[in-house]
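User: I would like to learn how to read some features of a model. Please take them one at a time, general idea before the case.

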Amino acid sequence: MEDAVAGLGDVKHITSIVQDGTSTTVIEFALGKDVDRATNDVRDKISQIRADLPAAIRDPIISRIEITGGAILTYTVAAPAMSTERLSWFVTDTVAKSLLSISGVAQVNRIGGVEREIRVALRPDRLLALGITAVQVNQQLRDANINLPGGRGTLGASEQSIRTLGSANSVEALAARPIILPGGRTARLGDLADVTDSTAEIRTAARLNGLPVVAFEVLRTRGSSEVKVARAVAERAALLEVQHPGVEVRKVTSTVAFVEAGFWAAIDALLVGSALAVFVVWLFLRDWRATAVTCIAMPLSLIPTFLILSWLGYALSNITLLGLTLVVGVLVDDAIVEIENIVRHLRTHPERGAWRAAMDASEEIGLAVMATTGAILAVFVPVAFMPGIPGQFFRQFGLTVAAAVTFSLIVARMLTPLMGAYLLKPTTRAGSEEVGDGRIGRRYLALLGWCLGHRKTTLAGATGFFLLSVALVPLIPSDFIPAADRGRSAMALELAPVPPWPIPMRRSAARRPSCATGPRSPRSSPRSAPPASPAGARHGQHHHPGRPAQRQPHHHPGPRAERALTQQQFETAIRPALEAIPGTRIRFGADGMSGAKASITLIGDDAGRLAAAARELESQMRGIPSLSGARSVASLERPELLIVLRDARAAELGVSAAAIGATARIATIGDVDQALARFNLPDRQIPIRVMLAEQARDDLDALRALRVTGRLDLAVPLDAVAEIRHGAGPAQIDRLDRVRKATIEAETNGMPLGEATKLIAALPIMQALPAGVREREVGDKEVMGELFGGFIMALGAGVLLVYLVLVLLFGGFLQPLTIMSALPLSLGGALMALLLAQKALGVSAVIGVLMLMGIVAKNSILLVEYAVEARRAGFDRGAALVEAARKRARPIVMTTIAMTAGMAHIAAGIGADAEFRAPMALVVIGGLITSTLLSLVVVPVVYTVVDDFGAWALRLWRRRPADPVAAPALSPGE
């Protein structure tokens, strides 16, 4: 099957898991592939090779995965008046059907409980005495206990259908059913076995606070709102309690709480950032009217942005809210520049009035405001279409920011001057609105004059700062997404192979059906449950055999503000106690949403070499002090009973290996589900499972005495044709891209993924892998590689587009280079902020760097644009630069402080999901500070150098030899 689908287009990875009796293959396509078409293509390929597959297997099931992530909700159901079996069926049938009718619910999987079935417990002594085998009993029961349509007949003038009825109406009738023995005799089924209305063997169970429960988990569909689904499920659960008195449905876990906490944290940051930005405006202008005009720019920019998000189909997710939160300072940026310029004109010439001041200021600052917004759009609009998984982060963030700043530009160019013209009033504070009138301003102008007089020293210092910034890059660890404190630790414990849940536990579950209703401490509420059902499983069912050796406790310590330890600190503290359990493998992050781990995947065709390399890698990873819990993801070898055929004796008696396998299977676990006889109930069918009694399955001598059908239907003892030995073998085989794989994982304990990967790559085994064994980057490591590869392309494209936009706005190629000189000056501050805060360079920090590239050009634009206009007005170059500094230094500082204040709440790490949001704000704040401080003196110096270069190039162009034919004569004025 892997070979068949490998030729399909856009296949990214093919993963296969082979277990007893099942083989699951997952085909992962590149993002953007039409899932419906991909599903049909896979179905066509499998149908073409169906004839090459074993004839005895069921037809392969091909389905697309509609779920996203893991379970978002877990509920327990208690009903004192119901038995465990009735309660389990109530969850499987009533609860699951009700919840699946909710839009956005993909699956409802029951956890714990029991499955009802008719148990036919064969007695080995009776089988031996009557000379019949377990396979023969199972076959006769399956053929006899069935209702089948039998055609149709015509009686008189009417046509009637024919049905053959063989199904027993009761357990007693089933026990009385005759079984044909060898030689033509018959015996009642009850004489061969104990027939009871019982439950299936318990191989999965759920416990809450140490007590057995029946629970269910809810998974949502792709594209659905997690919060809306959770609310709808809660409403339906309350309705079920009303419709079924005596039933209590109680929520015990939810991932939605973390999502909602992140949402309100973003809203808080948005409000606090807005308030701080407004305060900065008032602090500089000391004019409540001007401050009010600036404040209005934020809601008028945000409200239309929400409409754009709705039109694009984006939800208010953490990514979009983060974009709005970080862009708060930028939203008032244009309005600040506009209103500051209006206030300056009004206070300088109060006799002209507010209307004329607004018109003059708007005309003067228009190009600079448009250039600032154009630079941001030039970065984020193209980046929004980056391919791959990183593009999913950049797309929503980029388009959100682009929409917000576009509306900010519209408000600043149209509404802010209008409101300023009619709301502002002249004041008597004339002549005090320019830099240089105060002590700090005079020192700045003196520093600027010195830098203009020592251009080489200034440029050397700026270059040295940039080189120092580049030197900081190796010191900052790389990561993909930092581990978040979700208030939920999901563990996976794999013990040595053990028997299934014992009988006393089943009886305990039956005696205490309402144990889930007791109080629960938020600090000690573990839940143990089996793995979630695979995609495509029918609602409310578990379609895997279950592994009694595996446990999945979930610990919910409560809100972050109410506990002393973070989630990661708790996991680090509890690990030694868990590792002290002999023969136990521990893994945190079993739900796929919590914990942080480094994962190394080795692949190879030689299973022996691959296993040896994986064991050696696991051993060496255990020697890295900063990593913990290094383990192989492959299942532990399980003990086995090997039935080895005696070829000569089996051939003599006419016994085949297939017959022995069928006998062993039916005697110990019963036939496969699709081949079991069915018992009809009024509302459903339940299986009839034929197998040995439990005490007989624990007796190795009883297994040796099993009868196998041989030549002429003679029953032959198993011990006569085969030998039973003890052995061990893998419980599961994992494959990746058509070769075997072995994955070794380890918890990073807060270490960034990039640093952990470097330490693992430096191990001796990774430096010299055995022949035929190689590493394959998958998971977070693969995505992180895509992230930084795409980041370099996005950064280069963004810088180029910013330059092109500035060329179009300024009408030349040289002065935009002056403006672009502020970009490298911001890199040092961004990296130093990460280094001082001990944060990694991950996806959020990368988004911050890209955002920085768009907004740091603002300072240069304001300076250069005014200097160009001043020179056109008759100022010489030096005077024009000083005048630009006097007029534009204050709005530059104002906008920088406003943007920094708007992001300070996020950078401080306040609120949920701060681990993801804080690095982005730190990068922007650090870059803005250094870029602002340095660009105020470096950009004017760069302007003079570029201007000198332009004059030199022009003189060189004019000195070139003229073509007497092609070049027309020029007059002196031309």
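User: How many residues does the protein have, and what percentage of them is buried?

Analyst: Buried means under 20% relative accessible area, exposed means over 50%, and partly exposed lies in between (1.4 Å probe, protein chains only). Of the 974 residues in the protein, 49% are buried. This is a predicted model, in which local features need pLDDT of at least 70 and side-chain atom pairs count only at pLDDT 80 or more, while totals for chains, interfaces and linings use all residues. Residues are numbered from 1 along each chain as its sequence is written, and side-chain values use heavy atoms, with hydrogens and water left out.

User: At what angle do H11 and H33 pack?

Analyst: Two packed helices are described by the angle between their axes and the distance between the axes. Axes are lines fitted to C-alpha atoms, for helices over the stretch in contact, and angles run from 0 to 180 degrees between N-to-C directions. Helix H11 (residues 318–326) and helix H33 (residues 914–959) pack at about 30°, with axes 11 Å apart. H11 contributes Ile-319, Leu-322 and Leu-326 to the contact, and H33 contributes Phe-916, Arg-917, Met-920 and Ala-921. By class (Ala, Val, Leu, Ile, Met, Phe, Trp, Tyr, Cys and Pro nonpolar; Asp, Glu, Lys and Arg charged; the others, Gly among them, polar), six of these residues are nonpolar, none is polar and one is charged.

User: What span should H31 have, and how far apart are its end C-alpha atoms?

Analyst: The expected span of a helix is 1.5 Å times one less than its number of residues. Helix H31 (residues 857–872) has 16 residues and should span 22 Å, which agrees with the 22 Å between its end C-alpha atoms. H31 is mostly covered, with 13 of its 16 residues buried. Just after H31, Gly-874 has a positive phi of about 115°. Helix H30 (residues 843–855) has 13 residues and reaches 19 Å from its first C-alpha to its last, close to the expected 18 Å. H30 is largely enclosed by the rest of the structure, because 13 of its 13 residues are buried.

User: Is Ser-408 buried or exposed?

Analyst: Ser-408 counts as buried because its relative accessibility is 2%. Ser-408 sits in helix H14 (residues 388–423). Leaving aside neighbours within four places in sequence, Ser-408 is in contact with Ser-301, Val-330, Leu-331 and Asp-334. By contrast, Leu-307 in helix H10 (residues 288–312) counts as exposed, at 60% relative accessibility.

User: Where does Gln-838 lie?

Analyst: Gln-838 lies in the loop between helix H29 (822–837) and H30. Gln-838 has a positive phi of about 60° although it is not a glycine, and it is exposed, with a relative accessible area of 68%. Asp-10, in the loop between helix H1 (2–6) and strand E1 (11–19), also has a positive phi, near 65°. Asp-10 is partly exposed, at 47%.

Key. Helix = DSSP H or I, 4+ residues; strand = E, 2+ residues; numbered from the N terminus. Contact = heavy atoms within 4.5 Å.
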